[in-house]
Each structure stands twice: as structure tokens, then as C-alpha cells.
Amino acid sequence: MSQTFEPKILAFLCNWCAYAGADLAGVSRFQYPPTIRVIRTMCSGRVDPSHVVEGLKSGFDGVFVFG
Amino acid sequence: MHVVSQLLEMSGIGRDRMQLRWVSAAEGQIFADFVKELSALMGEMGAFDPDEYKLKLAAVEGALNSPRLRWLLGMDRQLTERENVYHQKVDDKLYRQLLDEATQEEYQKSLILEVLRDGPQSVREIAEKSGLEIYAVSQLLSDIERAGLVDLHGYEGTTPKFIRLAA
């Protein structure tokens, strides 16, 4: 019970920027929490406001957009 | 994004549940730091219960899909930096104000429409369920009625009941 709450987060990553950044973070072995579930988009401009709402609707605790 | 976070704040979901950050392909460390920082923030905010906010989420979605916001969104540079067809430029602040007002109104209208999904209701009932002021509901309701989305369903005693027309 003493476990701290681990949020479930939906992350939209731009293929050319943040996705590569995340890749680099992985390759370089930078530690970061396993809270995000990634959806790769071809551009962060592709993310529609309704995607954010849909994410929250489906039970994610938060939505990130990384461009 | 400004509009979305405003809608999330208005609906009580909290603007912090959506975050936008810029990370380049060369910034692995920055990416890791952002995820760490924002995950901690989300952890503090606690779990999000979509059922509790079902009505609010639907209203946010409805507002985002409203023609008015769809027209206004993305027009900022056209209107504030370039000109409209009358060669008039709109002040940045004025545009923001306009957008904020439209966002709030569309959200509240959408909220009323969502509440009316449960069948015909009086202004008082709508106000209770939506958490809006009775006066605001009655004003917005006449707006929506003019747009042809709700109609007077009938009277219960002397209380008028309204019904949603569109799907």
C-alpha cells in the first residue's frame, strides 16, 4: 500500500524531434520513469485537440505532446 | 493548445493534465528530464477518473467541435499580423479576449446540451446538473434554441421543460 501512485500518461511524440529525442535518451541510457505510453505522430501539429480529450476519456491520467 | 488547456481548466479537469513541450532530436537528456518532471507532477495530481468527468469531457469535446471555435482557432496570425478582407488588423489582446469568450460560451452551451441528453428538463434542473447559474442557463438556452438545437418540450405544471433536438 505504501507504493507511490504511478500515473499512466499518453504521450504524442513527433517523429522528427521528440521521438528521436526519446530514442537518444534510450540509447544513452538516461533514466526516466516508465509512466508514458507513446504514440508516434509524423508531426506534433498532427495532434488534434480531440486526441487529447479522447486520451483522457480512455482513462489516462494525463496527456503529453512533445514536438 | 491554449483553448484546450482553458477548456480543461473550466471543466475542473485541470489544465495541467495536458502538457506541451519542445524536444529536439538531439535532446535525449532534456526528454528524460521532462518525463521525470511531468510524471512527478501527474503523480501529485493523482488518478483521473473519466467516469466522474464524463459529462465535462463530453462538453469539452462538444465545444472543440463547435463551428465557432473551429473558425476562430488558427486565425490568430491571419487576424493579428496580416489583415482581414477589410484591411483591418485585430489587436492581439482583443483576439485573445474574443477567443476566451467564445471558448467559455461554447463550453457552457455544450454542457447544457450534454445535460439535456437525459431527457426534457427545466432550467433549474439544467442549472443544478451543469453547475451553471440559472440566469446564465436561461440566456444560453435561448441562444441554443435560436440555433435550432433545443426546443420547448412542454410544461410540467407551469415549469417549461426543454428538450434536445440534434443527435
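B:Lys89 sits in the loop between helix H5 (76-80) and H6 of chain B. The model is a predicted one. B:Lys89 has 14 C-beta neighbours inside 10 Å, so this residue counts as partly exposed. Leaving aside residues up to four places away in sequence, B:Lys89 touches B:Thr80 and B:Glu83. B:Leu113 lies 24 residues from B:Lys89 in sequence, and the C-alpha to C-alpha separation is 35 Å.

**Helix packing in chain B**

B:Leu113 belongs to the contact between H6(B) and H8(B). Which way do H6(B) and helix H8 (residues 134-146) of chain B cross? Their axes come within 10 Å and cross at roughly 85°. H6(B) and H8(B) are therefore roughly perpendicular to each other. From H6(B), the contact uses B:Gln108, B:Lys109, B:Ile112 and B:Leu113. From H8(B), B:Ala136, B:Val137, B:Leu140, B:Leu141, B:Asp143 and B:Ile144 take part. Sorted by class, the H6(B) and H8(B) contact has 7 nonpolar, 1 polar and 2 charged residues.

Helix H3 (residues 54-64) of chain B has a set of buried residues: B:Lys56, B:Leu57, B:Ala59, B:Val60, B:Glu61, B:Ala63 and B:Leu64. A lysine and a glutamate are among them, as B:Lys56 and B:Glu61. What covers these residues of H3(B)? The cover includes helix H1 (2-10), helix H4 (67-72) and helix H6 (92-115) of chain B. Chain A contributes as well, through its helix H2 (49-57).

**Domains of chain B**

In the contact between them, 9 residues of domain 1 of chain B meet 17 residues of domain 2 of chain B. The domain 1 side of that contact in chain B divides into 5 nonpolar, 1 polar and 3 charged residues.

The next element spans both chains. An open sheet of 4 strands runs in the order S2(A)-S1(A)-S3(A)-S1(B), with parallel pairing. Its edge strands are strand S2 (36-41) of chain A and S1 of chain B, each of which pairs on one side only. From one strand to the next, the twist averages 20°.

| Strand pair | Sense | Bridges |
|---|---|---|
| S1(A) and S2(A) | parallel | 6 bridges |
| S1(A) and S3(A) | parallel | 5 bridges |
| S3(A) and S1(B) | parallel | 4 bridges |

A:Phe12 has A:Val65 of S3(A) as its bridge partner. A:Val65 in turn has B:Leu20 of S1(B) as a bridge partner. A:Val63 stands opposite B:Met18 in S1(B).

How much of S3(A) is buried? 5 of the 5 residues of S3(A) are buried, so this strand is largely enclosed by the rest of the structure. Both faces of S3(A) are covered. A:Gly62, A:Phe64 and A:Phe66 are buried on one side, and A:Val63 and A:Val65 are buried on the other.

Two helices of chain A pack on this sheet. H1(A) lies across S1, S2 and S3 of chain A and runs at about 110° to S1(A). H2(A) touches S1 and S3 of chain A together with S1 of chain B. The direction of H2(A) makes about 145° with that of S3(A).

**The interface between the chains**

Across the whole interface, 34 residues of chain A are in contact with 31 residues of chain B. Helix H1 (18-27), H2 and strand S3 (62-66) of chain A each supply at least two residues of the chain A side. That side divides into 22 nonpolar, 9 polar and 3 charged residues.

Several of the elements above meet here. S3(A) pairs with strand S1 (residues 18-21) of chain B. H2(A) touches S1 of chain B, and H2 of chain A is also part of the cover over the buried residues of H3(B).

Notes: Residues numbered from 1 in each chain as written. Chains lettered and ligands numbered in written order. Predicted model: local features only at pLDDT ≥ 70, side-chain atom pairs only at ≥ 80, totals over all residues. Buried ≥ 20, exposed ≤ 12 C-beta atoms within 10 Å, placed from the backbone. Contact = placed C-beta atoms within 7 Å. Axes fitted to C-alpha atoms, helices over the stretch in contact; angles between N-to-C directions. Parallel < 35°, antiparallel > 145°, perpendicular 65-115°, else oblique. Nonpolar A, V, L, I, M, F, W, Y, C, P; charged D, E, K, R; others polar. Pairing = 2+ DSSP bridges.
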